[in-house]
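The account moves from a surface patch to the aromatic rings and then to the chain as a whole.

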Amino acid sequence: MVDMEIKKEEETKEIDDTATAAVAEEKMKLSVDEVIEKYVGSFGLSQLLQVVLVSFSWVFDSQNTLVTIFTDAQPSGWRCKTSAINASLSSSWCMNDTAGGGGNEGQLSGHVCGLAAGSWEWIGGNSATTIAEWDLICHRKFLAAIPTSLFFIGSILGCTFYGRLADAWLGRKKTLLLACILTTITTFFTSLSPNVWIYSFLRFANGFARSGNGICSIVLSMEVVGNKWRGQVGQYGFFFYTAGLLSLPFIAYPIRTHWRYLYWIISLPPLVYMFLLVPLVVESPRWLLVRGRNKEALEVLRKLARWNRKKLPDNIDLIIPSQATTGSEGDKNTIGDENENIWTTRWAAKRMIIVMLFGFGVGFVYFGIQLNTENLNFNLYLTVIINALMEIPAIVIGGILLSFTNRRLLSSLSAISAGVLCILCIIFTTASSKNTSSSNWPQLTIEAIGFMASSITFDVLNIYCVELFPTNARNFAVSMSRASLMLGASLSPLLVAVGRLSPSLSFIVFGAFSIVSGTLSVWLPETRNAPLYETLKQQEEEEEEKHRRLRQPTMV
């Protein structure tokens with residue numbers, strides 16, 4: 001009897017052990033989207049902190065991008081040297097030529113090109129801008145456009161470099177840290193430039209360095225929130241870009257006679273940021289997953305959940321796409337086909353080309369309008385402040401519209417609207433040329449509204465691109481989109497230089513480019529409320545299945 005009881009106890013124990021093991025093996029296989037929606041929260045305190053922390057990088061990104069509005073600006077004017085009056089024929093010529101323009105002071109025009117060296121001087125001194133210091137006028141006037149153009153060309157190369165680095169090697173967080181370090185170094189050394197050629201090279205290097213900030217910021221923000229918050233999160237991050245732009249005239253005005261000081265000041269924010277804020281940023285759980293680092297991805301999600309006062313179940317197992325093969329924990333094996341990329345996948349390559357063509361026009365117009373402020377008949381500092389303030393309603397309006405409007409429709413209409421408003425500026429440009437002594441408020445108003453429309457297009461395109469491509473190619477896709485934006489931006493300084501001679505021509509070209517760009521987005525698919533996919537193959541299969549279901553007749 002005793003033996004039988006012992007045997008029954010052992011059998012019962014075996015059954016209990018088997019049941020316990022079965023429960024332990026019952027893992028909930030969920031995707032990152034499902035974990036965020038069900039357990040972390042679509043958008044809580046942890047995601048808000050992440051968005052704010054990474055979005056600070058937009059401040060110095062915009063400062064480094066648009067600092068040349070002030071450092072490379074056309075000098076406010078020139079005047080005859082009083083010590084040289086009646087000393088030579090050239091001095092008399094100087095006085096005669098400026099007499100009609102108001103005493104011995106005149107606005108920069110063709111007159112100064114014929115004056116003898118030493119008979120005139122810049123108002124504000126030679127250290128006010130690079131144009132004044134290195135005499136980038138007359139036959140050298142197009143040299144003034146080279147530094148800004150090279151900055152954007154450097155940004156193109158930097159976008160490609162950082163995009164690949166963030167997707168395949170370092171991840172989003174470490175790439176952001178690297179971009180901050182290089183931005184600080186190149187910005188500071190730019191202030192030490194001895195001539196326009198070294199200055200141009202350092203602006204190129206600075207463009208390369210800062211391009212990683214925006215790429216990593218927008219991806220890190222959008223990869224940790226739920227589907228319905230992606231548009232708003234991506235849009236509101238641009239408030240910090242606006243803050244950077246708005247800060248420039250307030251920094252530049254007190255030191256307006258020394259352009260080098262402006263570079264010294266804006267080299268500090270990325271230095272402070274990388275020591276104080278970057279360590280608090282969490283890596284993207286989606287990137288960790290596609291790199292085969294499942295435990296780290298789960299740990300990040302648990303950390304986000306704790307900040308939201310929630311808890312993840314212990315038996316969660318993140319879904320790996322069907323074609324994925326996961327390496328051992330801690331190695332560098334990736335999920336999915338390592339040869340899989342945008343350019344070898346037909347549908348993705350076609351989509352990428354359309355995004356880049358669209359981005360080229362958007363970048364040309366968005367940055368061109370800002371750089372073209374000096375060709376308006378208005379105070380430069382006030383114009384930049386007004387343009388920066390117009391970014392705020394653009395972000396708010398864009399964020400509201402993104403919550404219920406299709407991305408494709410919104411990007412198209414805003415681009416076309418910006419183009420039409422740019423062309424309308426021609427009417428007031430012609431009127432202002434007849435009266436250069438007064439400020440042209442109607443022209444500034446139309447230009448500001450047009451800039452707001454182009455700003456909405458710029459912001460929506462960045463969000464749209466994140467949603468169009470999967471995790472294993474997302475950073476690269478965003479980098480290509482931003483590279484096309486920078487390519488368009490690199491040509492805008494040349495048109496601005498032409499605009500100094502013919503403002504109407506610059507507005508016509510900006511308007512035409514914006515309208516044409518707005519028509520390209522109709523060939524892109526709609527992504528509103530669509531999930532964020534993990535791999536190219538997974539996205540292709542699921543989108544094909546979705547289209548197949550839509551084509552099937554509805555059963556009544």
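Helices are DSSP runs marked H or I of at least four residues, numbered from the N terminus. The model described here is a predicted one.

Which helix gives the largest share of the nonpolar patch? That helix is helix 9, from which five residues of the patch come. Helix 9 spans residues 171-190, and both this helix and helix 13 supply at least two residues of the patch. The members of the patch are Leu177, Ile181, Ile185, Phe188, Phe189, Leu192, Tyr261, Trp264 and Ile265, which together have about 760 Å² of accessible area on the surface. One of them, Ile265, lies in helix 13.

| Residue | Relative accessible area | Class |
|---|---|---|
| Trp134 | 11% | buried |
| Trp259 | 2% | buried |
| Ile265 | 36% | partly exposed |

Since a residue is called buried under 20% relative accessible area and exposed over 50%, with partly exposed in between, Ile265 at 36% counts as partly exposed, whereas Trp134 at 11% is buried and Trp259 at 2% is buried as well.

**Aromatic rings**

Rings of Phe, Tyr and Trp are counted as a pair if their centres lie within 6.5 Å, and by this rule there are 30 aromatic pairs. In one of them, the ring centres of Trp134 and Trp259 are 5.6 Å apart and the planes stand at 70°, so this pair is edge-to-face.

Elsewhere, ring pairs join Trp58, Phe151, Phe152, Phe238, Tyr241, Tyr366, Phe367, Phe451 and Phe458 into a cluster. A charged side chain also meets a ring: Arg256 lies over the face of Tyr253, at 4.0 Å from the ring centre.

**The protein as a whole**

The protein contains 23 helices and five strands, and 54% of its 556 residues are buried. Among contacts in the protein with a separation of 6 or more, 83% are accounted for by residues 24 or more positions apart. The protein exposes about 24,200 Å², of which carbon and sulfur atoms supply 64%.

How values were computed: Residues numbered from 1 in each chain as written. Predicted model: local features only at pLDDT ≥ 70, side-chain atom pairs only at ≥ 80, totals over all residues. Heavy atoms only, no water. Phe/Tyr/Trp six-rings, centres within 6.5 Å; stacked < 30°, edge-to-face > 60°. Buried < 20%, exposed > 50% of the residue type's maximum accessible area, 1.4 Å probe, protein only. Lys NZ or Arg CZ within 6 Å of the ring centre and 35° of its normal. Patch = residues over 30% accessible without salt bridge, like charges linked within 9 Å, V, L, I, M, F, W, Y side chains within 5 Å. Areas by Shrake-Rupley, 256 points an atom, 1.4 Å probe, with all protein chains shown as cover. Salt bridge = Lys/Arg side-chain N within 4 Å of Asp/Glu carboxyl O. Contact = heavy atoms within 4.5 Å.
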